[in-house]
Amino acid sequence: MAKLKEALFWKKLKTKGKDKVVQCVLCPHFCTLKNNETGKCRVRKNIKGKLYSLSYEQPVSIAIDPIEKKPLYHFMPRTCTFSIGMAGCNLKCLNCQNWQLSQCSAEELKVNPVKAKEIVIMALKSECPSISYTYSEPFVSWEYVFDIAKLAKKDNLKNIMVTNGFINPEPLKKILPYIDAFNIDLKSIKDKFYKEVCGARIQPILEAIKIVHKSRKHLELTNLIIPGLNDSDSDIKELVKWIKENLGENVPLHFSAFYPCYKLTNIGATPPEKVIHAAEIARKMGMKNVHTGNI
Ligand code: SF4
């Protein structure tokens with residue numbers, strides 16, 4: 001069992017009574033937590049008036065993947081990437097493909113602790129030139145990712161974040177110097193979609209994407225197309241318009257097919273022609289690097 005790590009990005013709230021209430025300010029949920037309560041992400045917990053990270057040194061999945069699987073097509077192509085994932089996520093996507101990891105706490109999964117330094121040694125031994133923080137939402141394990149990324153950088157490994165982008169500006173900016181590339185999900189351009197399907201909001205994600213873009217770190221975006229929920233021509237056009245206006249036409253954009261899973265098993269898989277059609281719309285609108293995936 002790893003020693004509990006006190007989290008960063010939280011504050012004590014002044015409340016009446018004995019309850020030592022804290023507020024986590026890592027992500028835009030701003031969870032207010034009484035003693036023994038865990039945040040929406042399931043991996044940050046108030047213990048006696050302090051916030052702790054439950055996923056620190058607790059990787060639940062380690063694998064070596066082609067970098068194209070993240071997907072990143074324009075960053076170190078044809079290399080492998082040492083990939084790790086921790087439990088927990090701050091979104092509740094009905095269609096989550098990794099719900100066994102993301103909708104679960106580190107306590108439930110009971111894994112063997114692995115120190116940040118050991119992750120870097122394993123990555124070096126694997127001869128992958130990069131480490132990817134992926135599979136569930138890496139930002140909710142901010143402290144562990146930060147410690148690994150800092151050490152990895154010293155050993156000339158690149159760091160890659162595969163994220164939903166639901167993160168506050170301060171923690172994002174603090175980790176940016178250590179991250180080399182991002183794939184950020186832009187699941188829809190509609191706030192309604194984020195609220196109903198993911199339990200989140202669009203605006204903080206758009207802000208995070210702009211911060212990453214402004215930092216000149218490598219950025220690619222992924223849009224998973226779900227039939228009937230975000231696949232209309234107007235949905236795609238609105239999404240591409242925002243990308244063009246805010247990030248420019250060179251940002252690589254991946255359209256990906258949905259497969260029924262978790263709580264969205266009543267919707268069929270996305271027909272390949274829908275994904276290809278979305279890519280055609282984006283190209284016609286001037287996007288230069290458009291890719292299709294999962295088809
Ligand atoms: S990171 Fe977790 S605990 Fe913190 S605000 Fe977000 S969901 Fe809540």
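This is a predicted model: local features need pLDDT of at least 70, side-chain atom pairs count only at pLDDT 80 or more; totals for chains, interfaces and linings use all residues.
Residues are numbered from 1 along each chain as its sequence is written.

The open sheet is formed by 8 strands in the order S7-S8-S9-S10-S11-S12-S13-S14, with mixed pairing (strands being DSSP runs of E with at least two residues, and helices runs of H or I with at least four, both numbered from the N terminus; two strands pair if DSSP finds at least two bridges between them). Strands S7 (59–66) and S14 (290–293) each have a single partner strand and stand at the edges, so one side of each lacks a neighbour in the sheet. S7 runs antiparallel to strand S8 (residues 80–86), to which 7 bridges join it, and isoleucine 62 has isoleucine 84 in S8 as its bridge partner.

Helix H4 (residues 142–154) comprises 13 residues and reaches 19 Å from its first C-alpha to its last, close to the expected 18 Å (1.5 Å times one less than the number of residues). Among the buried residues of H4 are Trp142, Tyr144, Ile148 and Leu151, where buried denotes 20 or more other C-beta atoms within 10 Å of the residue's own, with C-beta atoms placed from the backbone. Just after H4, asparagine 156 adopts a positive phi of about 65°.

The residues around the ligand include Cys24, Cys27, His29, Cys31, Cys41 and Arg44, each counted if its C-beta atom, placed from the backbone, lies within 6 Å of the molecule.

How values were computed: A residue is buried if 20 or more other C-beta atoms lie within 10 Å of its own, exposed if 12 or fewer, and partly exposed in between; C-beta atoms are placed from the backbone.
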